[in-house]
Amino acid sequence: MNKKYSQKEFYLLIKKNLRRIHEESGYSRAHVAEQINITFQAHSDMLTLSLLDRYPSIETIRKLCNFFEIQPSEFFQATAEENQLQKS
């Protein structure tokens with residue numbers, strides 16, 4: 001079953017996945033920001049779950065995908081835990 005997300009839930013999903021991908025990479029926020037040519041503050045805001053008005057643009061997602069060597073779909077996938085909650 002595919003869940004329909006509200007705009008807030010959609011942005012939160014992107015942020016959670018970005019945060020997970022970033023943490024798994026082991027790179028510092030400053031390093032990632034420098035490599036994709038955005039400010040440290042902009043990158044930090046994208047990782048802050050409470051700032052839902054600060055999310056990555058399509059262009060930034062493209063740069064992040066290139067940097068982390070991932071597919072864009074990885075930003076939009078629910079975790080196994082979230083999928084299990086949907087079934088309950």
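Residues are numbered from 1 along each chain as its sequence is written, and side-chain values rest on heavy atoms, with hydrogens and water left out. Because the model is predicted, local features require pLDDT of at least 70 and side-chain atom pairs count only at pLDDT 80 or more, whereas totals for chains, interfaces and linings use all residues.

The protein contains five helices and zero strands, where helices (H or I, at least four residues) and strands (E, at least two) are DSSP runs numbered from the N terminus. The order of the elements from the N terminus is α-α-α-α-α. Of the 88 residues in the protein, 32% are buried; buried denotes under 20% relative accessible area, exposed over 50%, and partly exposed the range in between (1.4 Å probe, protein chains only). The protein exposes about 6000 Å², of which carbon and sulfur atoms supply 50%. Among contacts (heavy atoms within 4.5 Å) with a separation of 6 or more, 65% involve residues 24 or more positions apart.

Helix α3 comprises residues 40-47, and its buried residues are His43, Ser44, Asp45, Met46 and Leu47. The buried residues of α3 pack against α1 (7-25), α2 (29-36) and α4 (58-68). On the side of α4, Thr60 is located in that helix and is buried, with a relative accessible area of 11%. When residues up to four places away in sequence are not counted, Thr60 touches Ile36, Ile38 and Met46. Met46 is itself one of the buried residues of α3.

Four aromatic pairs are present in the structure. Rings of Phe, Tyr and Trp (its six-membered ring) are paired if their centres lie within 6.5 Å; planes under 30 degrees apart count as stacked, over 60 as edge-to-face and the rest as tilted. Phe10 and Phe76 form a stacked pair, with 5.6 Å centre to centre and 10 degrees between the planes. Since Phe10 belongs to helix α1 and Phe76 to the loop between α4 and α5 (80-87), this pair ties together parts that are 66 residues apart in sequence. Phe10 is partly exposed, at a relative accessible area of 31%, and Phe76 likewise counts as partly exposed at 31%. The pair of Phe67 and Phe68 is edge-to-face, because the ring centres are 5.0 Å apart and the planes lie at 75 degrees. Both Phe67 and Phe68 are buried. Ring pairs also link Phe10, Tyr11 and Phe76 into a cluster.

The relative accessible area of Asn37 is 66%, and the residue is exposed. Glu69 lies in the loop between α4 and α5 and is exposed, with a relative accessible area of 72%.

Key
Areas by Shrake-Rupley, 256 points an atom, 1.4 Å probe, with all protein chains shown as cover.
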